[in-house]
Amino acid sequence: MALSNNFFFIGLPYMALIVFLIGSIYRYRSSKFTYSSLSSQFLETRKLYWGSLPFHWGIVFLFFGHLTAFLFPRSVLLWNEVPIRLVILEITAFVFGIMTLVGLANLFYRRLSNPRVRKVSNYMDIILEILLLTQVFLGLWVAYGYRWGSSWFSIVLTPYLNSIFLLNPQADAIFVLPLVIQLHIIFAFLIIMIIPFTRLVHFLVFPLSYLWRPYQKVIWNWDRKKIRDPKTKWTIHKPTNN
Amino acid sequence: MDVRSQISMLFHLDKCIGCHTCSIACKNIWTDRKGAEYMWWNNVETKPGTGYPSKWEDQNIYKGGWKQDGTGSISLKGSGKYKGLINIFHNPYLPLLEDYYEPWTYKYLDLIESPAGDDQPTARPVSLVTGKEIDIKTGPNWDDDLSGTPEFARHDSNFKNLTSAEKEAMFQLDKMAMFYLPRICNHCLNPACVASCPSGAIYKRGEDGVVLINQQVCRAWRMCVTACPYKKSYYNWNTGKSEKCILCYPRLEAGLTPACMHSCVGRIRYLGVMLYDADKIKEAASAPEDELIDRQLDLILDPFDEEVIKNAKENGIADSTIKAAQTSPVYKFVKVWGLGLPLHPEYRTLPMLFYVPPLLPVMASLSDANNGEQAGKLDPIAKFWDRNTLYDTSTDSIWGTIEQARFPLKYMANLFGSGSEGIIKEVLKKQLAVRLHRRNVTVGDIEKDFVEKVLKDVNLTPELADDIYNMTSLAKFDERFNIPPAHREQALDMLENTGDLKGSAGFGFKEKPVRGL
């Protein structure tokens with residue numbers, strides 16, 4: 001038991017993180033062309049509306065929720081000191097969880113039922129969607145069955161995750177958690193592990209930099225002012241557009 | 001003054017015969033691929049008509065281009081930093097495959113391989129997306145030559161400000177008229193696609209102004225498809241990348257004309273360099289609607305002006321490019337003769353593809369004439385000619401034919417003049433004046449005083465009129481296309497110093513063969 005525990009909560013996380021890091025960087029460098037959100041809205045838009053919107057907004061909220069509990073556990077605990085605030089937080093998170101699940105289910109149904117979308121689906125899309133469905137379902141189950149997650153996450157999981165990132169894994173507390181929570185953790189790392197092999201890479205290149213770049217973009221193949229001037233030194237400019 | 005050069009185009013619509021050779025040339029070279037079957041980087045549509053994609057000009061649907069906001073500056077209509085990122089999960093203004101058409105082929109093998117039976121085998125259409133049999137609903141140029149007028153031409157988006165009587169008049173069977181509108185990417189000075197791309201994958205090349213999408217950086221956020229008011233950025237559903245007309249830049253760099261222009265049967269296309277002042281772009285794009293065309297033309301600089309040449313050289317523009325700008329046919333049409341107008345300037349992208357609006361069909365009346373002699377020559381069995389009438393294009397007032405054009409000027413103005421009839425009228429008058437002048441020269445049945453008065457009316461001299469006539473009717477290939485040398489020798493030098501790679505391993509290496517750690 002100890003062996004499998006160690007594998008799932010210490011070995012797997014490291015494996016997942018390494019595969020994710022190296023895989024994503026390698027894929028970015030070697031086949032940048034494949035980094036795409038692979039949108040299928042062009043082929044089908046109505047069902048996508050009821051899938052993509054709730055799913056994405058839901059999962060963005062959940063992601064940052066987990067991140068907050070991980071980065072600022074004390075603040076979360078402080079917030080949760082007043083019961084009504086705790087309940088508000090938990091209910092909000094649960095609603096977003098439901099939203100994500102419904103959106104994902106819609107997306108999954110759309111992918112299987114629409115012949116055009118099926119044409120642009122590959123097997124990794126299916127695997128990924130099944131994993132995500134399971135993960136969100138498990139998360140909802142945890143939230144409903146083992147309250148109040150936002151508080152005990154800060155006490156139990158934050159130190160565990162910290163220990164992982166500090167290369168001094170302390171997973172003893174995880175070994176005794178209920179199975180559902182354990183599964184939620186395992187699936188989380190599984191999903192992280194397969195990111196470089198799926199379309200999920202698109203969130204890594206989310207275009208936030210758009211917010212501060214100027215609207216228009218002109219690229220010069222080479223610096224013409226310099227090349228016309230015989231006095232400038234010979235230097236090599238690598239253009240950025242290829 | 002920030003002088004830059006732009007490879008610019010002019011389409012002479014009076015000469016377009018709607019043969020679609022340009023479209024086919026383009027398709028065979030660039031978009032004959034999976035995911036790109038539905039794309040026509042170059043397409044020719046019949047006007048009046050809804051075009052491709054359907055109703056692309058209706059920006060209430062597609063939200064393309066720029067709009068002036070309250071402060072006098074401009075912002076993107078349907079995308080931009082905030083709208084674009086908010087709508088990134090689902091873009092409400094994205095045109096769908098149905099708005100273009102579902103590409104298809106036929107099961108040709110069924111014609112040969114069907115077992116013997118009572119019926120003739122047929123080749124049924126199958127979708128090129130799903131591979132399943134489909135019922136074809138529409139296709140490219142479904143409304144070619146005004147076919148399906150009730151469904152298509154009547155839903156044209158350019159009837160703004162036309163009274164319903166004027167609209168009706170356009171569709172009376174004996175008065176119906178049409179013209180062709182070939183369209184490619186305009187390679188705008190203020191491109192909305194570039195501004196809308198969240199990843200920054202789209203850019204304008206500094207050297208020649210060609211607008212390109214970097215396929216390595218495109219992430220399928222699809223905002224360019226919405227932002228381009230001309231709908232000339234297309235989403236490849238197979239690769240998950242957007243694509244657009246590249247103005248055949250590999251051909252341009254090699255000194256060849258773009259395929260669509262090279263193949264143009266009607267010789268309607270002209271291509272050449274224009275110098276422009278990049279400092280004034282924003283100002284020109286945010287001008288009030290009635291000044292848009294003038295301000296855009298003001299951007300284009302006189303390549304003979306000493307000051308301009310000096311600034312151009314300082315900006316690193318090659319002498320050969322300046323020379324090309326001086327001999328550019330597009331510059332002559334647009335700036336010297338004032339015949340070229342941008343398509344839908346009100347989208348505020350400052351398109352650098354100009355059109356000479358069509359003068360045809362000219363109004364004419366049937367006047368009496370004695371055709372007895374003619375009729376006598378006709379074979380009585382094959383044909384007969386019982387009317388003694390003549391197709392007469394002369395009118396009492398000089399510009400009467402333009403006033404009574406079959407296309408209401410308002411319609412043309414909505415296409416090429418951002419609603420201003422005056423600009424269109426001026427261009428059409430000039431064309432008619434050239435025609436009258438040439439009629440006087442070649443046939444001589446028009447009074448000389450009359451022609452002189454006509455030319456004076458539109459500020460043309462007989463010499464200028466002859467120039468226009470020559471460039472319009474007689475210009476040879478090299479006169480129509482004036483491509484500046486791309487100076488690839490310099491470009492290549494800067495891309496990579498070939499000396500660096502001497503002694504290296506050849507093809508097949510992703511990385512440079514550098515000794516590892």
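Predicted model: local features only at pLDDT ≥ 70, side-chain atom pairs only at ≥ 80, totals over all residues.
Colleague: How many bridges join E8(B) to E9(B), and in which sense do the strands run?

Modeller: Strand E8 (residues 202–205) of chain B is joined by 3 bridges to strand E9 (residues 211–213) of chain B, and the two run antiparallel. Their hairpin has 5 residues between the strands, and Gly209(B) there takes a positive phi near 75 degrees.

Colleague: Which strand of chain A pairs with E8(B), and in what sense?

Modeller: Strand E1 (residues 218–219) of chain A pairs with E8(B) in the parallel sense over 2 bridges, and within this pairing Ile219(A) stands opposite Arg205(B).

Colleague: Where do the side chains of E8(B) point, and are they buried or exposed?

Modeller: Ile202(B) and Lys204(B) point one way from E8(B), whereas Tyr203(B) and Arg205(B) point the other way, and all of them are buried.

Colleague: What describes two packed helices?

Modeller: In general, one gives the angle between the axes and the distance between them. Here helix H2 (residues 46–71) of chain A packs against helix H4 (residues 83–113) of chain A at an angle of about 140 degrees, the axes being 7 Å apart. The crossing of H2(A) and H4(A) is left-handed, and their contact comprises 14 nonpolar, 9 polar and 2 charged residues.

Colleague: How many residues of helix H18(B) are buried?

Modeller: Helix H18 (residues 409–416) of chain B is mostly covered, with 7 of its 8 residues buried, among them Leu409(B), Asn414(B) and Phe416(B). After H18(B) comes Ser418(B), whose phi is positive, near 40 degrees.

Note on methods: Residues numbered from 1 in each chain as written. Chains lettered and ligands numbered in written order. Heavy atoms only, no water. Axes fitted to C-alpha atoms, helices over the stretch in contact; angles between N-to-C directions. Helix = DSSP H or I, 4+ residues; strand = E, 2+ residues; numbered from the N terminus. Left-handed = near helix turned anticlockwise from the far one by under 90°. Nonpolar A, V, L, I, M, F, W, Y, C, P; charged D, E, K, R; others polar. Buried < 20%, exposed > 50% of the residue type's maximum accessible area, 1.4 Å probe, protein only. Pairing = 2+ DSSP bridges.
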